[in-house]
Amino acid sequence: MSIRSPCRPARKTIGRLSGPSRYGLLFSAALGAFGRNGYFLTASWILAERGYGSAGLAVFLAIVSATEFILSPVAGLLADRFNRRRLQAMADLGRFIVSLATASALPNVAALPAMCMSAVLFSFCDRVALTSGQSMIPAIVAGRDSATWNSIVVVVMQTGNFGAALLIGMLLGGYASAVPFAVLATSFLFAAIIVASTNTSTASRGCRPQLTTVLEVKPGFRRLVVAYALFYSSAVLFSVMGSSFVFAELKGTAADFGVLEAAWSIGSLLGAVSLAAVRPRISADRQHLCLLGTIALMFITLRYSHTPWTTLLFASVGFLYNLGRVSVEVAFQSRVAAASLGRAKGVMHSVAVALSLMVFAVVAAVGDRAVPSMIFFGFGVILLIGISVLTVFHRQPQEKGKS
């Protein structure tokens with residue numbers, strides 16, 4: 001079922017940014033990704049190093065997930081209601097303030113309470129920044145090949161993730177815990193300044209999309225939601241539990257942790273670049289099934305791998321995850337009306353974090369009775385079950401065009 005925008009004349013003008021404006025948004029996305037990835041890497045390592053173990057990490061992740069689950073629809077509504085560029089700038093400023101406050105609190109407050117309080121505030125600002133930024137991707141694409149430009153956006157963000165993996169690993173090994181958060185705060189501040197100063201007036205000329213009460217989507221959106229939830233949960237579990245895996249099972253240092261995260265980032269970069277070559281050869285839905293199945297097998301085999309194969313597995317999962325993530329983003333933009341992008345993203349993310357909450361509730365209940373590799377193994381089994389659900393959806397008749 002085709003989608004009719006409530007403001008059809010604006011279709012040709014929405015998304016036409018000048019070169020400097022486009023590059024400014026890309027640069028701010030890299031800085032935001034650097035700060036975001038660095039925040040979660042720093043938090044997970046601090047909790048693992050200070051003896052909170054898998055249970056402490058699960059509590060932290062559960063709080064992050066619960067916050068995002070509750071507030072993702074709110075972030076989506078804000079992104080569809082207000083100027084997305086200004087909203088992102090305000091959210092980046094919020095992440096800057098929260099990071100500075102965390103740096104100030106850690107020397108004087110126990111790590112777990114401090115990080116949990118920080119996570120609530122950071123997650124809300126982070127969700128608003130990501131939702132508004134991702135809703136502006138059509139403005140960056142500007143009528144060009146969607147797969148290629150979505151790949152560019154993800155490559156830029158993954159470059160920021162890679163920089164965070166390298167720098168934060170070094171900072172955690174040689175400085176007090178407050179120093180990494182101060183560095184991350186600086187990146188958010190510069191991101192806010194760049195977004196606020198970016199000229200997007202050419203993108204808003206003509207008829208502006210109106211906020212509608214109906215979430216307009218094309219057939220296949222439900223399958224996309226399930227796939228997104230599985231990819232998202234895989235990445236969160238892999239990135240955050242990786243610190244406990246290195247610390248408890250590999251007996252590694254912060255530098256070793258940084259190496260594995262860098263391997264993940266390099267694989268993710270290659271995955272984002274590869275979509276343009278892979279996408280025309282296979283449908284998006286089938287591609288998601290194949291990628292998730294391979295990721296599940298890698299989660300299962302991680303328990304039986306040793307260095308340097310562990311590093312290769314981290315890189316491979318990063319490659320497959322980002323290949324799938326970009327594919328989901330491209331399909332998402334083609335199956336959702338322009339005026340509904342923010343709210344549709346909020347729905348997708350709420351489902352994703354709901355799955356994450358269930359997974360981390362199990363992790364918290366198990367605690368340190370199960371080693372991280374066993375947790376990865378169990379989640380691999382969950383992925384295989386999720387693939388079965390996607391297969392059922394794939395065989396169902398066409399869905400309704402509106403939900």
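Predicted model: local features only at pLDDT ≥ 70, side-chain atom pairs only at ≥ 80, totals over all residues.
Hi everyone. Let me start with a word we'll need: a residue counts as buried when its relative accessible area is under 20%, exposed when that value is over 50%, and partly exposed in between. Take cysteine 125: its relative accessible area is 15%, so cysteine 125 is buried. Cysteine 290, on the other hand, comes out at 47%, and is therefore partly exposed.

Since we're talking about cysteines, here is some background. A disulfide is a covalent bond between the sulfur atoms of two cysteines. How many disulfides does the structure hold?

How confident is the predictor? The mean pLDDT of the chain is 77, with 79% of the residues reaching 70 or more. Helix H3, residues 84-105, has the highest confidence, at a mean of 90, while helix H5, residues 137-141, has the lowest, at 67. There are also stretches to read with care. Residues 201-209 have a pLDDT below 50, and in the model this stretch makes 21 contacts beyond its near neighbours in sequence. Residues 397-403 are also below 50, with 15 such contacts.

Now let's look at H3 and its partner. Two packed helices are described by the angle between their axes and the distance between the axes. H3 packs with helix H4, residues 111-135, at an angle of about 160 degrees, and the two axes are 8 Å apart. Angles over 145 degrees count as roughly antiparallel, so that is how H3 and H4 run relative to each other. Their crossing is left-handed. Which residues meet there?

Alanine 339 sits in the loop between helix H11 (309-335) and helix H12 (341-366). Is alanine 339 buried or exposed? With a relative accessible area of 4%, alanine 339 is buried. Aspartate 80 is 259 residues away from alanine 339 in sequence, yet their C-alpha atoms are 6.4 Å apart.

The other example is arginine 81, which belongs to helix H2, residues 53-81. Arginine 81 has 48% relative accessibility, so it counts as partly exposed. Between arginine 81 and arginine 343 there are 262 residues of separation in sequence, but 9.8 Å in space from C-alpha to C-alpha.

Key:
Residues numbered from 1 in each chain as written. Heavy atoms only, no water. pLDDT = per-residue confidence, 0-100. Helix = DSSP H or I, 4+ residues; strand = E, 2+ residues; numbered from the N terminus. Contact = heavy atoms within 4.5 Å. Buried < 20%, exposed > 50% of the residue type's maximum accessible area, 1.4 Å probe, protein only. Axes fitted to C-alpha atoms, helices over the stretch in contact; angles between N-to-C directions. Parallel < 35°, antiparallel > 145°, perpendicular 65-115°, else oblique. Left-handed = near helix turned anticlockwise from the far one by under 90°.
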